[in-house]
Amino acid sequence: MAESNQRSERARTVSSDARDAHTERDERVARTAHTGGHPVAPAIRSAEMEAARRARREKEALLRADTFTNAPKVSRRTFTKEERQEIIRRKEAEDKEAEKLANTAAKGRFGRWWARLQSGPDRITWSMAIVALGVVYGDIGTSPLYTAQTFLSGQGGIGNADREAVLGMLSLVFWSITLITTVKYVLIAMRIDNNGEGGIFALYSLIRRHGTWLAIPAMVGGAAFLADSVLTPAVSISSAVEGLQTLPPLENLFDENPSLTLMITVCIIVVLFMVQSRGTESIGKVFGSMVLVWFSFLAVVGVANLSNDWTVFAALNPVYGARFLFSPHNAAGIALMGTVFLSTTGAEALYSDMGHVGRGNIYFTWPFIKIALVLNYFGQGAWILANNRNPRINTMKTLNPFFQMMTPDVRYIAVILSVSAGVIASQALITGAFTMVSEATRLNWMPHLQVRYPARTRGQLYIPVVNGVLCVSTLAVLAMFKDSEHISAAYGLALTITMITTTILLAVYIWHSGRRIGAIVFLLVFLAIQTMFFIASMAKFLHGGWFTMLLTLAILFIMYTWNEGTRLERAQRRHMQPKDFLPTLEKLHGDFRIPYFADNIVYLTSDNVTKRLDTDIFFSIFADHPKRARAWWAVSVETTDEPFTREYEVENFGTDFLFRVRIRLGFKVSQSIPAYLHQIMYDLSKTGELPQQKSIYPKVDADPNIGTIRYVLIHKALMPESKVSARGALSLSAKYAIRHVAGSPVKWFGLAPYNPLVEVQPLFVSTRRPPRLNRIEQAAL
């Protein structure tokens, strides 16, 4: 490196000397011609030459500082090497798939049906089907770990679980999975998507035009889902890790170290949140294979125990469930439905994660998942009936039918797989939370956060702030409740609220689709079932459910205040047309009495319409001391649904000093705004739309062909005299506090090194006019 620098310095010296010699010869020839062929006095000629040489070297010394830094320039290439490889790979895959579909379609009616299926939104691919197993079904796959255990605890032990109780429980579980998960979510809800995205916010986006009141159930349901996302990793992983205590060689170790289970759970959760930035596609492929093994294991273990009593399949008759629920023999009463609800806890996550894996892949994999779950639940029921009179089993301190129905050798495998399943269950809720927050941001119910797209499809996203908040909150839950028994007391209560609100929104969608009788039947049936779930889950309120409700209210507060604050801000936002702002800006641009604030002043705006100017930008230019510039820029950045889009459009309003720029970047493209703006300025300089801006002195961006650039971000503040209600003032204050914590475009777009100006402007809502002051005479001394 040192030799290279020396060679560069020598080259510059030689070049400089050559230029000096060349200039000296030109000056001599010029002077000779000017004096009619008579040489100029040597002393005068020497002094002039020395002055010119000194000025030239001084200029070189000034600009040579540019070699110590780099300008944020863009490459000459349109795509990076990785992007070109990805485009080629996608094109080859599309061609291969098209050829395969063409060959399939030529094979008859089934082939044509398959070709149509693979060309629509229900497309099925083996790779994404594996991802679906890993991303979608983790939560519902851990339900067999604790559902039967909770049932026995509610009935007072296995000794009270006779045939009537077991068949009643199995019947309620089977029909709850069938009605809630299969019918409501898989067959109905998943047919209703917003550009491939699922979840309660995507559903609300489709129907919000039918009434402003629909925002209430959407907000409540979304807040409850996000609150439950905090508890799911804690309860799923801790309950699985506690299975280690059932292994004979480890019993003494856990007895001597009571906090060992908690420590292992914390380590697993921290690692899980750390790998989220890699994207759900890479995680999903690994988890998908594990889930395939897990559900296969559930089915095999269930079938092995069903050999003891195949008559438990009589529970497929719903009469057994209804009879036992209202029977005096049911020791838990209506609270039994809270236990049954645990078997359906992954249904809402299934709907929310639809955008990550595609609807067709969930349709393809769900039958296998449901069969495996049913076989395992019924296998546990057969084991309970075979051992409810076993004195050794009756005296066990902690009884979990899932682990006890296996031989000790198989139990080792079960513990390992259950821990893996607990991690996967957490993954399902985490990815669902990312989707929910992204949808809430589009609805302006949450602050605009930095979103990354680490995978090849836009549906698979990662939000660093949400990931950090979930991680810290989950660890706080573990620190507060210690073990899964206490966490499960709070688990599921909030999710029943989400299911109820989703039912209301689905019914509204079906109603406005013209199927009004179907909407009424749907609402009555599922609202009745889920109301029973909610009433039963309220029994958990004093035993930990209060924490879930507190989280729900906190998230709901954020959504409500952000929405109200945004509404108030938009009520005062105005846009100016060219005839309104051009005369004033043109006068300022030519007013040489005012020094330049910067050569280029860049405003970032969320307005994508390029034919107008936000009044906030206009008044910022004239705030305090007018910000005169050679050029003003209003720049908006839009993320597209394609991965590698890089394009921009410019509106200059017929001027050479005001530019409205709209940059469109693919979701996989790095948002390096300084580099892209330099390219745009160069492009406009070449076309003559932007006058030349030669820099005399060095600057940090090391670009002498573009003038100084100053970025300005505008924040709003409420004036004390504003005529706004106490609720509105609280909403605005809360919004600004949340925005301060959530982050800023300064970080997202890499503007911090350029010393951006963050400017606060008053929020111009209507103000109260205070009474006039009365002037009084000064007292005599």
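**Close-up views of a predicted model**

**View 1. Surroundings of Trp294 in the predicted model.** When neighbours within four places in sequence are left aside, Trp294 is in contact with Gly141, Leu145, Phe402, Ala414, Leu417, Ser418 and Ala421. Trp294 also belongs to the largest nonpolar core, which has 146 residues, and is listed there with Tyr137, Phe295, Phe378, Phe402 and Trp445 among the residues with the most contacts inside that core.

**View 2. Packing of helix α9 against helix α10.** Helix α9, spanning residues 200-207, packs against helix α10, spanning residues 215-241, at an angle of about 170° and with the two axes 9 Å apart. Angles over 145 degrees count as roughly antiparallel, and α9 and α10 are therefore roughly antiparallel to each other. On the α9 side the contact is made by Ile200, Phe201 and Tyr204, and on the α10 side by Ala215, Pro217, Ala218, Gly221 and Gly222. Sorted by type, the residues of this contact are six nonpolar and two polar, with no charged residue.

**View 3. Gly666 in strand β6.** Gly666 lies in strand β6, which covers residues 658-666, and because its relative accessibility is 1%, Gly666 counts as buried. Apart from its neighbours within four places in sequence, Gly666 is in contact with Thr639, Thr640, Glu642, Pro643, Phe644 and Thr645. Of these contacts, Thr645 is 21 residues from Gly666 along the chain, yet the C-alpha atoms of Gly666 and Thr645 are separated by 4.2 Å.

**View 4. Asp599 in strand β2.** Asp599 is placed in strand β2, made up of residues 598-604, and with a relative accessibility of 13% Asp599 counts as buried. Its contacts, leaving aside neighbours within four places in sequence, are with Ala629, Arg630, Ala631, Gln693, Gly707 and Thr708.

**View 5. Positive phi at Asn444 and at Phe653.** Asn444, found in the loop between α21 (408-442) and α22 (464-481), has a positive phi of about 60° although it is not a glycine. Buried means under 20% relative accessible area, so Asn444, at 14% relative accessibility, counts as buried. Phe653, in the loop between β5 (646-651) and β6, likewise has a positive phi, near 55°, in a residue other than glycine. Phe653 is buried as well, because its relative accessible area is 12%.

Key:
Residues are numbered from 1 along each chain as its sequence is written. This is a predicted model: local features need pLDDT of at least 70, side-chain atom pairs count only at pLDDT 80 or more; totals for chains, interfaces and linings use all residues. Side-chain values use heavy atoms; hydrogens and water are left out. A nonpolar core is a set of buried Ala, Val, Leu, Ile, Met, Phe, Trp, Tyr and Cys residues joined through side-chain atoms within 4.5 Å. Buried means under 20% relative accessible area, exposed over 50%, partly exposed in between (1.4 Å probe, protein chains only). Contact means heavy atoms within 4.5 Å. Axes are lines fitted to C-alpha atoms, for helices over the stretch in contact, and angles run from 0 to 180 degrees between N-to-C directions. Helices (H or I, at least four residues) and strands (E, at least two) are DSSP runs, numbered from the N terminus. Angles under 35 degrees count as roughly parallel, over 145 as roughly antiparallel, 65 to 115 as roughly perpendicular and the rest as oblique. Ala, Val, Leu, Ile, Met, Phe, Trp, Tyr, Cys and Pro count as nonpolar, Asp, Glu, Lys and Arg as charged, and the others, Gly among them, as polar.
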